[in-house]
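Here is a short tour of one chain, taken a feature at a time. Please have a look at the model first.

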Amino acid sequence: MMKNARAEAFNEGEQKSPLARRAYDLRHAAVSTWLAAGTPPPLVAKWAGHSVSILLTVNAHAVDGQEEAARMWIEQALADDDEAA
C-alpha cells in the first residue's frame, strides 16, 4: 500500500531518493532543515508535534556549528537594547 502511495505522489526520480524510503526520512529532513536554519527549537517542536527534549535528542546534529550565528544574534540583541536605552 505504501509503495502505491509513493508511486502516485512522487515522480520516478523522487521515488529513488533516499528521502522517499520512509515517510519518517522526509519528516526528519524537514525538521533538521528548520533547526539548521536557526528556527527556535520550541517552534520546531510544536510544528513537529513533540517535545523540545525529544526534538533535540533526535536532531541535535542539526544545531551543531551554530555557535558563531548565536553569538551574532546575542550581540545584535544587546546592541538593540543599548540603542533603545
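## A loop residue

Is Gln66 buried or exposed? Gln66 is buried, at a relative accessible area of 18% (buried is under 20%, exposed over 50% and partly exposed in between, with a 1.4 Å probe and protein chains only). This is a predicted model, in which local features need pLDDT of at least 70, side-chain atom pairs count only at pLDDT 80 or more, and totals for chains, interfaces and linings use all residues. Residues are numbered from 1 along each chain as its sequence is written, and side-chain values use heavy atoms, leaving out hydrogens and water.

Gln66 sits in the loop between α5 (52-59) and α6 (67-84); helices are DSSP runs of H or I with at least four residues, numbered from the N terminus. Beyond its neighbours within four places in sequence, Gln66 is in contact (heavy atoms within 4.5 Å) with Leu35, Ala36, Ala37 and Gly38.

The structure holds one aromatic pair. The ring centres of Trp34 and Trp47 are 5.2 Å apart and their planes are at 85°, so the pair is edge-to-face (centres within 6.5 Å; planes under 30 degrees apart are stacked, over 60 edge-to-face, the rest tilted). Trp34 belongs to helix α3 (residues 23-36) and Trp47 to helix α4 (residues 41-48), 13 residues apart. Trp34, at 31% relative accessibility, is partly exposed, and Trp47 is partly exposed at 49%.

## The nonpolar core

Val31, Leu35, Val44, Ala45, Ala48, Leu55 and Ala62 form the largest nonpolar core, meaning buried Ala, Val, Leu, Ile, Met, Phe, Trp, Tyr and Cys residues joined through side-chain atoms within 4.5 Å. The helix that gives the most to this core is α4, with three residues.

Conventions:
Helices (H or I, at least four residues) and strands (E, at least two) are DSSP runs, numbered from the N terminus. Rings of Phe, Tyr and Trp (its six-membered ring) pair if their centres lie within 6.5 Å; planes under 30 degrees apart count as stacked, over 60 as edge-to-face and the rest as tilted.
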